[in-house]
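Please open the structure in a viewer and keep the selection panel at hand.

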Amino acid sequence: MKIKKVEIEAFRAYKSKSEGTFDFTNEGDNPSNFIAIYAPNGFGKSSFYDAVEWAVTNHLERLAGEYNKSNFERAAKSTKDPNEGQKILRNKYVDNQVITKVSVFTTRPTPFENELPKLRANGRDLSFGDKSQRRNEFFRRVVLSQDEIDRFLREARPQERYAKFMESFGGDTEIARKELSALISDNNAELSVLNKQRESLIEELKEPINLSVFERFNSVAAELNAVGENIVLPDEKFSSQSEYKLNASLVSRQHELNTLLNAKTKISEVLADRLTKIPEIERHVNYQVEQKTQLSRLLKGVADADKYQMLFESYNKCVEDQKQAHVRLTHLIEIAENTETFLITESRLLELSTIQKALTEERSNSTINLASFEQQLAEINSELNIADDRALLLRNSVDNAGSVYVSLSNHRAQIGILRQQITAKETTIQIDKIQLDEFNRELREVSTLNITSNLLLTGNVGVLLFDQDKIKQLTRCQADLDLIEVHNQALSATQKALTEQMEQHEQLIAIGLDYLVIQPSNICPLCTTHHSSAEALLDKAKSQNLVSELSLENSRKLSLSFMRQKELREAIQAITRQAVEAQVQQLGILHKKLAEVSERHARAVFEKSTLEAEYNTLEVEIIELEKLVLGLSNDELVSRVEGELSQLTTKRLNLLARQAELSTQIQSVTTWINSKDSELYALTSESERKSSEYVYVRVKTYLNENAIAASDLKKHCEVKKNEIDAEVLKYKVASEAFPVFAG
């Protein structure tokens, strides 16, 4: 794969696409075999390499890799602007609408392209140490960054330089070599440990056998065999296989004995626990026998207690009911005793309510009359204020009439001048508009002309300003060209006929030469002319010039005609170019005139609008001034003001008299309302005092609780008293039926 072209935009040092486009192809779109980029420091060499690596792998090992990661991360944070994302890959000076994009075109059919997404305010456009977004990682094996080369060259020790070199170019082989080296190191360590163990075992094997061990084992085994075990006793023929079987049997038997021992131990623990609980069980059985007698007595006592409790509750209920009946009787007696007082108070409250209602109605009517009088007084005050304001306005109109009439005269004169100026500006604007339309029409006509020689020959050039002599010269050139074309056609026909005739002559000479070759002779077979020899005849026939004088002349005339045609066509093209130049020049002049007239027209429109605004302002001021003098002359104004002031004086006297009368009436009504308010307050206080008395409240509550009318209270109290007396007597008899509990 070879790189053909790289396009970089808004990335690192490259601001625009025009600055970051590199084409590495030769003729025929063939990529170069070798590329070298040379530039001083700071001209974007590293940015170019970063762009290629980022477009291919979506990663920058130089900036986002583990090497120098912390340095670049601190640098990114220190250069971050507030409320803006960190721009590490994006050029900081491009417009926000420009997308950061890198495209790498190679000999592969699909280019490598990468774009930066929209940057958040709290993010950065490059993630340090993030390997999840990488792609095409295998290209890292053939890409070596500037920093990696620098680190490789700076390594002082050969072994470390070799390690750096193999990290970049070793590939899978280097990874396998490292894994094998680690495995070999682990195996060597394990072999060393095993060798030490082997040497220790060999030393133990070299030591002599201790026979006392066998004797002790056989004595113990014999004792165990005596109690029923079956253990093999080792002797001189004891082999390793026998040792293995003996160990296996001993381990198995030991496991069986341990299991049996655990089971026996658990059983003994359970039995011991049960033995300790036997005395407690005996005591519990004896206690149950003793408690049976006491339980029967307790059950009888509980039954008697329930019966006693029931009887006691019945007695208490009877006593409580008797107390409640006594309370009701006391309450009823109190109600009966206060009935007369309640009826008197109730009658007085009804009387007070009637008086209050009448006084309230009278006061409401008086309040309505007072509001009517106050409204009339407010209307009279308003009319007085209006009359005073009108009188003041009239006097001011007379006093300031002189200056007002002078201002009116000046304004009217100024309006006449402004009207003339506006008319002149309208005329100027109309003239400019006509000129603009004319220039636009000429501009459209000249612009739409497609200047060709045919258009100039027709003479239909419209408003195009072009020298007519040039057009006549063009017409003559075209006529000459047409004549030459006809002449050339005749010459071409003649030349064609001569060519055909020359071909026939060539055929005859060829036949004659063939004949002379077969039958040599000094007599020409075509013209029967004698020659000195057959060889001389052949030489003459071979050297014969078949081109006639007429053909040569014809060719010369054709050459001259073609030259003349070329000259005429060049002359036509030159005149056409001059016409095009004249069109361009005329368009420039028209554009200039159009701009001048447009500017003059806009200035005139602005001046007209200014004059109209001033005119309207003066008209408004004239209307306001005429209002000040009532639209009258000075004498008419004085007469009108005197008459109206006389009327206003008479009206003001009448209003003052009516104002005094209404004030008196309002004061009288207000005094009456205050006296009625005092009476109402006294009645309300008496009503509240009587309605809050204890006797009245007590009886009223009883009436409301029992839904009784006041007129039926006496009768109700007598009936209710008899009922409660009978109920108290019944409760007294019932309570005396419990002498034991009462005692």
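Begin by selecting Glu-256 and Arg-253, which are three residues apart in helix H8 and therefore separated by about one helical turn. Their side chains meet in a salt bridge, with a distance of 3.1 Å from N to O. Glu-256 is partly exposed, its relative accessible area being 43%. Arg-253 is likewise partly exposed, at 35%. The model in view is a predicted one.

Then highlight the buried residues of H8: Leu-246, Tyr-315, Cys-318, Asp-321, Ala-325, Leu-329, Leu-332 and Ile-335.

Now display the entire chain. It contains 18 helices and four strands. Of its 743 residues, 24% are buried. The accessible surface comes to about 51900 Å², and carbon and sulfur atoms account for 55% of that surface. Among contacts between residues at least 6 apart in sequence, 73% join residues at least 24 apart.

The following stops concern charged pairs. Side chains of opposite charge can pair when their charged atoms come close. How many salt bridges does the structure hold? There are 20 salt bridges in the structure.

Select Arg-564 and Asp-480, whose closest N and O atoms are 3.9 Å apart in a salt bridge. This pair links distant parts of the chain, with Arg-564 in helix H14 (residues 549–628) and Asp-480 in helix H12 (residues 468–518), 84 residues apart. Are these two side chains buried or partly exposed? Arg-564 is partly exposed at a relative accessible area of 36%, and Asp-480 is partly exposed at 30%.

Move on to Glu-115 and Lys-101, where another salt bridge joins the side chains at 3.9 Å, N to O. Glu-115 belongs to strand E4 (residues 112–115) and Lys-101 to strand E3 (residues 101–106), so the pair ties together parts that are 14 residues apart in sequence. Glu-115 counts as partly exposed, at 42% relative accessibility. Lys-101 is also partly exposed, with a relative accessible area of 29%.

For the last stop, select Lys-5, Glu-7 and Lys-17. These residues are linked in a network of salt bridges.

Key:
Residues are numbered from 1 along each chain as its sequence is written. This is a predicted model: local features need pLDDT of at least 70, side-chain atom pairs count only at pLDDT 80 or more; totals for chains, interfaces and linings use all residues. Side-chain values use heavy atoms; hydrogens and water are left out. Helices (H or I, at least four residues) and strands (E, at least two) are DSSP runs, numbered from the N terminus. Buried means under 20% relative accessible area, exposed over 50%, partly exposed in between (1.4 Å probe, protein chains only). Contact means heavy atoms within 4.5 Å. Accessible areas come from the Shrake-Rupley method with a 1.4 Å probe; for residues, only the protein chains shown count as cover. A salt bridge is a side-chain nitrogen of Lys or Arg within 4 Å of a carboxyl oxygen of Asp or Glu.
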